[in-house]
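Hello,

Here is the structure for your files. My notes come after it.

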Amino acid sequence: LGYSEDPGAVESLLKGVIDRSWRCREAAFEALLRWIGRSDPAEADQMTGRIREAVASAPEILTDALARLPSAGLQTRLTMVQFLGLLRRPDTVIPILQAGDDEALAEVVLSVLEGFGGAVEEVLDEAWESFDADARRLCCDLLGRVGGEAAQTRLITTLLDPDAELRIAAVQALGRRGRASALPTLVRRLEASVVEEDDEEGEIDAVTEAIVAIAGAPGAEESGVIEQTIELLTSRCEGAEERFRLAVARTMGRIGRPEDLAAVGFMMSDPSASVRRAAVAALARLVRGEVPEPLRMALADEDPVVRIAAASALGASDDLQFLEDLASLAGDEDARVRAAAMRALGKGAAAARERDPESEAVSRALLVLATALQDKGAVAMAALEALAVVGGSEATQLAAGMLRAQDPELIKVAVGCIRDHGSAEYLRELVPLISHEHWLVRSEAIQTLADRGSERAVPAILRRLEKEQDDFVRDTILRALERLET
């Protein structure tokens, strides 16, 4: 009957709801849920009203259902949770919530109880002390979806609970609610979290996410919530723990606005390199147009990690005046910094070329990259990758000069640059690599020649096939020949 299209089936199912047999009743529950699921909203509301009338006419049905709910099988409990949810009775809230102890039912329980709206708030608040830790965590999740000021108060109070998992659940619920009134308490919770010996449960991250969620709620900027959040965070940085200052810097990078550049820039003077690095990342996000001076100054920071972050941030900037600043890092004492500078220089030069193919900035960047090709492996690799990003005949010519490098990984990147940007003249320079001593180079050269449709390379590839011992390269050769000969 649950699959029937005959409206008369509903009458029989409603009788089944109050049948003496619990098996019959539960089958009727499931069938009626199926009917409601495929009905339009008006029909579903009408049918739900009739179900409530039927259950009210036989109170023992509800009593029996609530008694069976904890011990029934999973599928039956799933059906009963949804059916009991239709009744919208306050006395079903706690039993339904307790069914959420089963992880398989937790999300369904939350969805069903969310449908009760604010009516669950008072029930949960009154029963709070009787709940175990798992039920309280589920409660927090639910209160984050429904309820008014009482729910907000309960969640804020829970931030003081000794159970870290429960505090995190309350924090996440407050973030979901998105109410600015919770911000001061969340900031204090963040301060408390950072001074604890460990943060295995991720409470610092949870609080940060909640603050970001509230500051990012619709209308937050217009209502001044973002400004309030930034003021709350920055006003507590002086003398605070390093982890707090780091969390503030990261949060500023996510919620800050261009007008907050000064506040973020101030964090560039923090004694912690981790905080300064986070401030660099925040500045990079806030940059609009000209690069702010604090970001340029970060290129000379005493910590290489900060200089790397600054170089990467400048590479993503729209301000091409920074190319000279990046070029200055080509002589940095730390190879990681030099490599980061080369990659950033490549991005900047590519942007400059796109604006003006004859840009002098591109020529200057290529000179720096050409010098970096003679540097250590990681720096030379970064320079080659940058040339592949910049493109053009000059970049390709520089990449071709690395085809005789000792490191096969460098040759591979150089071949890739020629594949993407090189003319037929440069493709001819790849033919000798078909017999290179390293399998990686042979494979890359053959694949590139096939990609570019270089039929002139077929004889050399066939000769290599006769003596190739590496199975991977042989497979590459066969696939290349199939492409070139069709």
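This is a predicted model: local features need pLDDT of at least 70, side-chain atom pairs count only at pLDDT 80 or more; totals for chains, interfaces and linings use all residues.

Residues are numbered from 1 along each chain as its sequence is written, and side-chain values use heavy atoms, with hydrogens and water left out.

Helix pair

Helices and strands here are DSSP runs (H or I over at least four residues for helices, E over at least two for strands), numbered from the N terminus. Helix α3 covers residues 41–57 and helix α5 residues 74–87; their axes come within 9 Å and cross at roughly 95 degrees. Axes are lines fitted to C-alpha atoms, for helices over the stretch in contact, with angles from 0 to 180 degrees between N-to-C directions. The two helices are therefore roughly perpendicular (65 to 115 degrees).

On the α3 side the contact (heavy atoms within 4.5 Å) uses T48, I51, R52 and V55, and on the α5 side F83, L86 and L87. By class, the residues of this contact are 5 nonpolar, 1 polar and 1 charged. Ala, Val, Leu, Ile, Met, Phe, Trp, Tyr, Cys and Pro count as nonpolar, Asp, Glu, Lys and Arg as charged, and the others, Gly among them, as polar.

Salt bridges

The structure has 37 salt bridges, each defined as a side-chain nitrogen of Lys or Arg within 4 Å of a carboxyl oxygen of Asp or Glu. For exposure, buried means under 20% relative accessible area, exposed over 50%, and partly exposed in between (1.4 Å probe, protein chains only).

- R167 and E203: the closest N and O atoms are 2.8 Å apart. R167 lies in helix α11 and E203 in helix α13 (residues 203–215), so the pair ties together parts 36 residues apart in sequence. Both residues are buried.
- R176 and D141: the N to O distance is 3.5 Å. R176 belongs to helix α11 (residues 164–177) and D141 to helix α9 (residues 133–143), 35 residues apart. R176 is partly exposed at 49% relative accessible area, and D141 is partly exposed at 26%.
- R336 and D334: the closest N and O atoms are 2.9 Å apart. R336 is partly exposed at 48%, whereas D334 is buried at 16%.

R176 and D141 also belong to a salt-bridge network that links them with E107, E114 and R145.

Regards

Methods
Angles under 35 degrees count as roughly parallel, over 145 as roughly antiparallel, 65 to 115 as roughly perpendicular and the rest as oblique.
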